[in-house]
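Please look through the sequence and the model below before reading on.

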Amino acid sequence: MSGPVELLARLGASVRGGLADIGDAARLLLRLLALVPAALARFRLVADQIHFLGNHSLAIIGVSGLFVGFVLGLQGYYTLQRYGSSEALGLLVALSLVRELGPVVTALLFAGRAGTALTAEIGLMKSGEQLAAMEMMAVDPVRRVLAPRFVGGLIAMPLLAAVFSAVGVIGGWVVGVLLIGVDAGAFWSQMQGGVDVFKDVGNGVIKSVVFGLTVTFVALRQGYACRPTPEGVARATTRTVVMASLAVLGLDFVLTALMFSI
């Protein structure tokens with residue numbers, strides 16, 4: 001009987017530990033949301049984090065957006081040509097980017113570049129006992145360290161998604177108009193007439209904000225809760241990429257179902 005009892009005890013301990021982690025994460029998220037006004041009041045700290053998270057990710061976002069636009073231009077043209085609708089290439093590229101690929105791909109790249117940097121930075125501060133030293137000096141590390149980075153990620157992510165979509169549209173124009181020969185007037189007019197600012201662009205912005213909140217919070221949570229050892233920081237960095245990517249893909253399905261089914 002010791003075998004089943006021990007297995008049941010381990011299962012209960014795992015469930016209890018998981019629920020405790022969820023509760024700690026929820027408390028941290030609520031605290032960070034409550035500290036958003038205080039972080040904005042010290043905008044210089046937030047601006048430094050926007051520069052760290054946004055500017056340092058701009059190169060990979062721009063290059064990725066350009067090549068995604070190239071691929072969309074090629075694949076979209078060959079697909080639309082079958083139905084005699086190659087003039088709608090601009091509309092296809094724009095809708096694909098602002099609705100779906102822009103926010104999602106940017107969030108995945110943001111998790112791989114900025115999210116890992118945040119986790120490693122917070123984890124190294126914890127392993128170096130800098131966070132503990134702040135607490136000894138009556139400085140709240142959540143308010144001073146985590147909140148500015150949280151707000152910086154919320155602001156940087158939608159801006160990066162907009163850059164990705166804009167560069168992707170340019171990439172689609174280069175392939176469709178300059179290389180293949182689609183009429184430039186039809187390319188832009190179809191895009192302008194078919195893309196709705198509130199329904200399409202607005203929903204894309206909402207997605208990018210939600211993804212930015214998710215990726216930034218996961219990165220900060222993993223760094224703040226990691227073991228203060230080099231191995232613990234490395235594992236936390238890996239968990240950030242995996243958990244943030246899965247969360248982005250799952251939330252994308254939920255948000256798309258809610259936005260475009262109502």
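**From the core to the helices**

Within the largest nonpolar core, which has 58 residues, Leu-32 and Leu-146 touch the most other members; a nonpolar core here is a set of buried Ala, Val, Leu, Ile, Met, Phe, Trp, Tyr and Cys residues joined through side-chain atoms within 4.5 Å, and buried means under 20% relative accessible area, exposed over 50%, and partly exposed in between, with a 1.4 Å probe and protein chains only. The model is predicted, so that local features need pLDDT of at least 70 and side-chain atom pairs count only at pLDDT 80 or more, while totals for chains, interfaces and linings use all residues. Residues are numbered from 1 along each chain as its sequence is written, and side-chain values use heavy atoms, with hydrogens and water left out.

Not counting residues up to four places away in sequence, Leu-146 touches Leu-28, Leu-32, Ile-122, Pro-141, Leu-220 and Tyr-224, where contact means heavy atoms within 4.5 Å.

Helices are DSSP runs of H or I with at least four residues, numbered from the N terminus. In α7 a kink of about 35° lies at Ala-147, shortly before the proline Pro-148; the bend at a residue is the angle between axes fitted to the seven residues ending there and the seven starting there. The end C-alpha atoms of α7 are 55 Å apart, which agrees with the 58 Å that its 40 residues should span at 1.5 Å a residue, the expected span being 1.5 Å times one less than the number of residues. At the start of α7, a side-chain oxygen of Asp-140 comes within 3.2 Å of the backbone nitrogen of Val-142, and just after α7, Gly-181 has a positive phi of about 105°.

The loop between α7 (141–180) and α8 (184–194) holds Asp-183, which is partly exposed at a relative accessible area of 48%. A polar atom of the Asp-183 side chain lies 3.2 Å from the backbone nitrogen of Gly-185.

Definitions and conventions:
Helix = DSSP H or I, 4+ residues; strand = E, 2+ residues; numbered from the N terminus. Polar contact = N/O pair within 3.5 Å; in protein donor to acceptor, adjacent residues only side chain to side chain.
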